[in-house]
Amino acid sequence: MPLLRFETEPGFFVTADAEGDSAHPPVLLLHGGGQTRHSWGDTARFLADAGWYAIALDARGHGDSDWSAEGHYEIDYLARDLRAVIAQLDQKPALVGASMGGMTALIAEGERPAGTDPICSAIVLVDIAPRAEQKGIERIFAFMSRNLSGFASLDEAAEAVASYLPHRPRPSDHSRLEKNLRFRQGRYYWHWDPSMLNLWRQHTGPAHNTRNEERLYRAAHSLTVPTLIVRGGISDVVSEKVMIEFLDTVPHVQSVSVADAGHMVAGDSNHAFTRAVINFLTSELAAK
């Protein structure tokens, strides 16, 4: 699997894995907050087998991408990185974004300058909408805030994940989990910059949430490319009510739910999720 490095601003690089033939239509996989490019399971491989060029990015401050010394992790910087990566591709990509990655895709495309062409061919929002259930967001923050001092072993890290995702069967092999951790000074740490947590917490609360929702809805209304929202059937972040509100407000968006999957849809039900993405991209883009 080729490792790619994209310079998104002078001296600042983000890292990605690629699967498939680079001459094929590209699909950028954008993970959620606190995850890495390894969070997509077999999705990139399945996309490549279906005739796409799959590129799984590490967002700034995550995985093997550079960390911002200035703490620049706001959505504007994430969207700027995404636009810079797209500018270095030979074809317009489809964007598949989970949670934070979905918001990044929505802002990058939905806030493009008036009168300019779309920067992507399609968007798949993975369990994210302009409005989210605050209880689900708080549960994510609580999980990310725990164990900042690291884990003594992979088993200990796996136990923490299992307590956060009790509906998911526990894997016997920790190799995939290990890719989302870094080992230093005898302990395992999550592979993201902990300074992001303080920044994100500063941008939550009623006033910030209202402004963020309004901005994301404006961006969604501006979309002209085919758009799909994939909701986890048991998600506590995008409830059925939240998804219906979104679809009522932005009726050109298509939707699908993945039964028995929570907010981490790709990890909870990878085959069903990937099938939904491939079916959407094939039906919307293959003939173009």
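Student: Which exposed residues sit on the face of H7 turned away from its buried side?
Tutor: Asn 198 and Gln 202. Exposed means over 50% relative accessible area, buried under 20%, and partly exposed in between, with a 1.4 Å probe and protein chains only. Helices here are DSSP runs of H or I with at least four residues, strands are E runs of at least two, and both are numbered from the N terminus.

Student: And which residues of H7 are buried?
Tutor: Helix H7 spans residues 195–202, and its buried residues are Met 196, Leu 197, Leu 199 and Trp 200. Down the axis of H7 they fall within an arc of 165°, so they line one face of the helix. That arc is taken from the directions from the helix axis to the C-beta atoms.

Student: What covers them?
Tutor: The cover for the buried residues of H7 includes helix H3 (100–110) and helix H4 (134–145). Contact means heavy atoms within 4.5 Å.

Student: Before I go on, what kind of model is this, and how are residues numbered?
Tutor: It is a predicted model: local features need pLDDT of at least 70, side-chain atom pairs count only at pLDDT 80 or more, and totals for chains, interfaces and linings use all residues. Residues are numbered from 1 along each chain as its sequence is written, and side-chain values use heavy atoms, with hydrogens and water left out.

Student: Now H5. Which of its residues are buried?
Tutor: H5 covers residues 154–164, with Leu 154, Ala 157, Ala 158, Ala 160, Ala 162 and Tyr 164 buried. Their cover includes H4, helix H6 (175–178), strand S7 (181–184) and strand S8 (187–190).

Student: Zoom out. How many helices and strands are in the chain?
Tutor: Eleven helices and ten strands. The radius of gyration is 18 Å, close to the 19 Å that the globule rule gives for 288 residues, so the chain is as compact as a globular protein of that length. That radius is taken over C-alpha atoms, and the rule is 2.2 Å times the number of residues to the power 0.38.

Student: What share of the residues is buried?
Tutor: Buried residues are 52% of the 288. As for contacts with a separation of 6 or more, 76% join residues 24 or more positions apart.

Student: Where is Thr 36, and what does it touch?
Tutor: Thr 36 is in the loop between strand S3 (26–30) and helix H1 (43–49). At 1% relative accessibility, Thr 36 counts as buried. Beyond neighbours within four places in sequence, Thr 36 contacts His 31, Asp 58, Gly 63, Lys 179, Asn 180 and His 191.

Student: Last one. Which residues does Arg 215 touch?
Tutor: Ile 75, Asp 76, Ile 107 and Glu 111, not counting residues up to four places away in sequence. Arg 215 belongs to helix H8 (residues 206–221).
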